[in-house]
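Please keep the sequence and the coordinates at hand while reading.

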Amino acid sequence: MKTALVTGASKGIGRQIAITLAQNGYTVIGTYNSTDKGLDIISNMYGVIYTKCDVSDYAQVVALFEYIKDSFKSLDAVVNCAGVSWVGLLQDMTEADIAKLVGVNLNGTIYVSQQAADIMIKQHSGNILNISSIWGNNGASCEAVYSATKGGINAFTKALAQELAPSGIRVNAVCPGVIKTDMLSCFSDEDLKSLADETPLGRLGTVQDVADMVQFILSDKAKFVTGQIITVDGGFAL
């Protein structure tokens with residue numbers, strides 16, 4: 001049985017990715033930080049093993065991987081999904097706001113990937129998949145720092161894919177579009193309808209749409225795919 005680590009697996013896209021991988025035969029370790037609400041239900045239903053980790057804290061990430069090395073025979077896949085958002089003008093952000101976005105979204109992805117690569121290079125196999133955003137490609141007004149972190153993830157993905165390919169490790173990123181999660185709670189129903197209308201496929205995305213793409217990229221059906229930034233947005237960014 002393959003083993004996968006999914007960071008930010010307590011809610012939204014990360015939770016659905018953890019569930020989908022578990023349903024497809026993976027032993028899944030999921031991390032959470034701010035909340036563990038309902039995670040016992042997911043553990044009981046799908047067997048996801050949850051552990052607390054703030055991915056912006058390097059020491060906590062190192063400890064997480066010591067646990068993985070001690071508890072599991074291999075690490076076949078890592079999905080970097082832990083992330084936070086902030087909507088508003090750049091001038092209204094505090095130093096702490098900026099540090100949190102960069103720390104969780106970008107640094108966390110780098111920290112986890114570094115530790116994962118250490119295991120996977122010894123195995124000469126593995127998959128690292130980073131959850132980015134369409135705003136990492138195009139940028140979004142009132143989400144300047146968020147866009148910067150996701151753009152950084154895209155560049156990091158391409159660079160790391162080249163670095164790890166000789167060791168048999170694939171590295172890719174998925175860029176979700178407008179997906180129905182708690183991150184959209186700041187938008188009104190009218191705003192959400194407008195976003196759906198702007199999407200060529202005529203609807204907002206679901207967490208399952210993203211999870212299905214992740215599952216595919218991690219599978220052997222995509223074994224010749226690496227260094228790719230794959231958009232799942234219903235055509236929104238066209």
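Does G25 count as buried, partly exposed or exposed, and at what relative accessibility? At 34% relative accessibility, G25 counts as partly exposed, where buried means under 20% relative accessible area, exposed means over 50%, and partly exposed lies in between (1.4 Å probe, protein chains only). This is a predicted model, in which local features need pLDDT of at least 70 and side-chain atom pairs count only at pLDDT 80 or more, while totals for chains, interfaces and linings use all residues. Residues are numbered from 1 along each chain as its sequence is written, and side-chain values use heavy atoms, with hydrogens and water left out.

G25 is located in the loop between α1 and β2 (27–32). Helices (H or I, at least four residues) and strands (E, at least two) are DSSP runs, numbered from the N terminus. Not counting residues up to four places away in sequence, G25 touches M1 and K2; such a contact means heavy atoms within 4.5 Å. G25 and K2 are 23 residues apart along the chain, and their C-alpha atoms are separated by 7.2 Å.

The chain as a whole comes next. It contains 8 helices and 7 strands. Its radius of gyration is 17 Å, close to the 18 Å that the globule rule gives for 238 residues, so the chain is as compact as a globular protein of that length. The radius is taken over C-alpha atoms, and the rule is 2.2 Å times the number of residues to the power 0.38. Along the principal axes, the C-alpha atoms fill a box of roughly 50 × 40 × 40 Å. Of the 238 residues, 50% count as buried. Among contacts with a separation of 6 or more, 70% are accounted for by residues 24 or more positions apart.

The chain exposes about 11400 Å², of which carbon and sulfur atoms supply 53%; accessible areas come from the Shrake-Rupley method with a 1.4 Å probe, and for residues only the protein chains shown count as cover. There are 17 positive and 23 negative side chains, and the centres of the two sets lie 8 Å apart. Lys and Arg count as positive and Asp and Glu as negative, whereas His and the chain ends are not counted. The place of a charge is taken as NZ of Lys, CZ of Arg, CG of Asp or CD of Glu.

Helix α1 (residues 12–23) holds Q16, which counts as buried at 18% relative accessibility. Leaving aside neighbours within four places in sequence, Q16 is in contact with V207, Q208 and A211.

In strand β6 (residues 169–176) lies V171, a residue that counts as buried at 0% relative accessibility. Again leaving aside neighbours within four places in sequence, the contacts of V171 include I128, N130, T157, L160 and T226. V171 and L21 are 150 residues apart in sequence and 17 Å apart in space, C-alpha to C-alpha.

V84 is placed in the loop between β4 (77–80) and α4, and at 19% relative accessibility V84 counts as buried. Beyond neighbours within four places in sequence, V84 is in contact with K100, L101, V104, N105, Y146 and M183.

Most residues other than glycine have a negative phi. H124, although not a glycine, has a positive phi of about 60°. H124 sits in the loop between α4 (95–123) and β5 (126–131) and is partly exposed, with a relative accessible area of 49%. C142 is likewise not a glycine and has a positive phi of about 70°. The loop between α5 (135–138) and α6 (144–164) contains C142, which is partly exposed at a relative accessible area of 31%.
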